[in-house]
Amino acid sequence: MRVALVLNGAAGALLGRTPEAIAAPLDRILAEAGAEGRATVAEGDALSRALDAAFASDAEAILVGGGDGTIIAAAERLLAEGRAGGACRPLGIVPLGTANLLARDLGIPLSPEAALPALLAGTTKRIDVGLVNGRIFLNSSLPGIAPRMVQQRERMRHTPGPLKWLRLVRAFFRGFDRGPRLHVVLQADDRPVRLVTRTLAVSNNPLAEGFGAIHSRAALDGGVLGVYAARIGRRLDLWRLLARLVAGTWQHDPATAALASRRINVISRRTRLWVANDGENHLLATPLRYRILPRALTVLVPRADTDKPV
């Protein structure tokens, strides 16, 4: 199989490693699997050019390693390729980010050295894609305090692990205490829902329930958006909700509003809202118009005998 493998050298999992140290073990895996292609490691503008070159090649599969932003950039190119009548080449996700949420839901091993052979020997699956005002997301789209958290994360990108997470937790609580409230009307299936909240989440397929399933999804091809908001007036409400997040019962908390729909409009008194799509911030005009593109993206996944159900 001819493949193009592009890695973001600035991804969190690769900081401090040289391009040669990153590419060498993956090139060996490609050769051992009989795949034609070599790893390309790039950053910044060079990364965009490397992705363009990969898509211009005759590769049968596009493999991409990086965080959410890198995966989104590849997915956007594949969707454009499909709209232009091109072949629906599969996207292989080599986990190199911090959370790797989509990789987890697809059952992909979280080590690049384990993920690559599993993908090369794997099969394909078609998954849904979320869309808001023309911007795609594969995991979630978050108006409210989430964009502030993304900014804080980027400022602390090179902060040592424990200190970084402590500062993020402090910023999270400060956002709930002092952050502006969103006054919105949700229009889903012609049923308006009025909300006052500091955080709103729209997920590409509804979130799963159960212990440890804070952001996992039971399916990625259900053709439905999950919409969640927290009505929190007191710090006690927040602590209770956080405890239920850990226990996996948060969707039944009285502070949580949840619904599911193929399309939803978020109407606000503000003319524009910051939205974090898979960890990337965008300033979008209101209303925010969400919809789901059923089974629009083809991805590589490990074979059923080695992965978890998706």
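Helix 2 contains 13 residues, and its first and last C-alpha atoms lie 19 Å apart, close to the 18 Å expected at 1.5 Å a residue. The structure is a predicted model.

Colleague: Which residues of helix 2 are buried, and how are they arranged around its axis?

Modeller: The buried residues of helix 2 are Leu47, Ala50, Leu51, Ala54 and Phe55. Viewed down the axis, these buried residues line one face of the helix, because they fall within an arc of 135°.

Colleague: What covers the buried residues of helix 2, and which exposed residues does the face turned away from them carry?

Modeller: The cover over the buried residues of helix 2 includes strand 1, strand 2, strand 3 and helix 3 (68-83). On the face turned away from the buried side, the exposed residues are Asp45, Arg49 and Ala56.

Colleague: How many helices and strands does the protein chain have, and what percentage of its residues is buried?

Modeller: The protein chain has 8 helices and 16 strands. It exposes about 14800 Å², with carbon and sulfur atoms supplying 54% of that area. Of the contacts with a separation of 6 or more, 71% are between residues 24 or more positions apart. Of the 310 residues in the chain, the buried share is 49%.

Colleague: How many salt bridges are found in the whole structure, and which residues are linked with Arg2 in a network?

Modeller: Side chains of opposite charge can pair when their charged atoms come close. A search of the whole structure gives 8 salt bridges. One of them joins the side chains of Arg2 and Asp58, at 3.5 Å from N to O. The network of salt bridges links Arg2 with Asp58 and Glu60.

Colleague: How many residues apart are Arg2 and Asp58, and is Asp58 buried or exposed?

Modeller: Asp58 and Arg2 form a salt bridge. Arg2 sits in the segment before strand 1 (3-8) and Asp58 in the loop between helix 2 (44-56) and strand 3 (61-66), a separation of 56 residues. The relative accessibility of Arg2 is 31%, so Arg2 counts as partly exposed. For Asp58 the value is 54%, so Asp58 counts as exposed.

Colleague: What is the distance between the closest N and O atoms of Glu60 and Arg2, and how many residues apart in sequence are the parts this pair ties together?

Modeller: In the salt bridge of Glu60 with Arg2, the closest N and O atoms are 3.9 Å apart. Because Glu60 lies in the loop between helix 2 and strand 3 and Arg2 in the segment before strand 1, the pair ties together parts that are 58 residues apart in sequence.

Colleague: Which residues does Ser268 contact, leaving aside neighbours within four places in sequence?

Modeller: Ser268 belongs to strand 13 (residues 263-268). With 14% relative accessibility, Ser268 counts as buried. A polar atom of the Ser268 side chain lies 3.0 Å from the backbone nitrogen of Arg270. Outside the four-place limit, the contacts of Ser268 are His183, Val184, Leu273 and Thr286.

Colleague: Which residue does a cis peptide bond join to Thr286?

Modeller: Most residues other than glycine have a negative phi, and most peptide bonds are trans. Here, omega is about 0° for the bond in question.

Conventions. Residues are numbered from 1 along each chain as its sequence is written. This is a predicted model: local features need pLDDT of at least 70, side-chain atom pairs count only at pLDDT 80 or more; totals for chains, interfaces and linings use all residues. Side-chain values use heavy atoms; hydrogens and water are left out. A salt bridge is a side-chain nitrogen of Lys or Arg within 4 Å of a carboxyl oxygen of Asp or Glu. Helices (H or I, at least four residues) and strands (E, at least two) are DSSP runs, numbered from the N terminus. Buried means under 20% relative accessible area, exposed over 50%, partly exposed in between (1.4 Å probe, protein chains only). Contact means heavy atoms within 4.5 Å. Accessible areas come from the Shrake-Rupley method with a 1.4 Å probe; for residues, only the protein chains shown count as cover. The expected span of a helix is 1.5 Å times one less than its number of residues. The arc is that of the directions from the helix axis to the C-beta atoms. A polar contact is a pair of N or O atoms within 3.5 Å; within protein, one must be able to donate a hydrogen and the other to accept it, and residues adjacent in sequence count only if both atoms are side-chain atoms.
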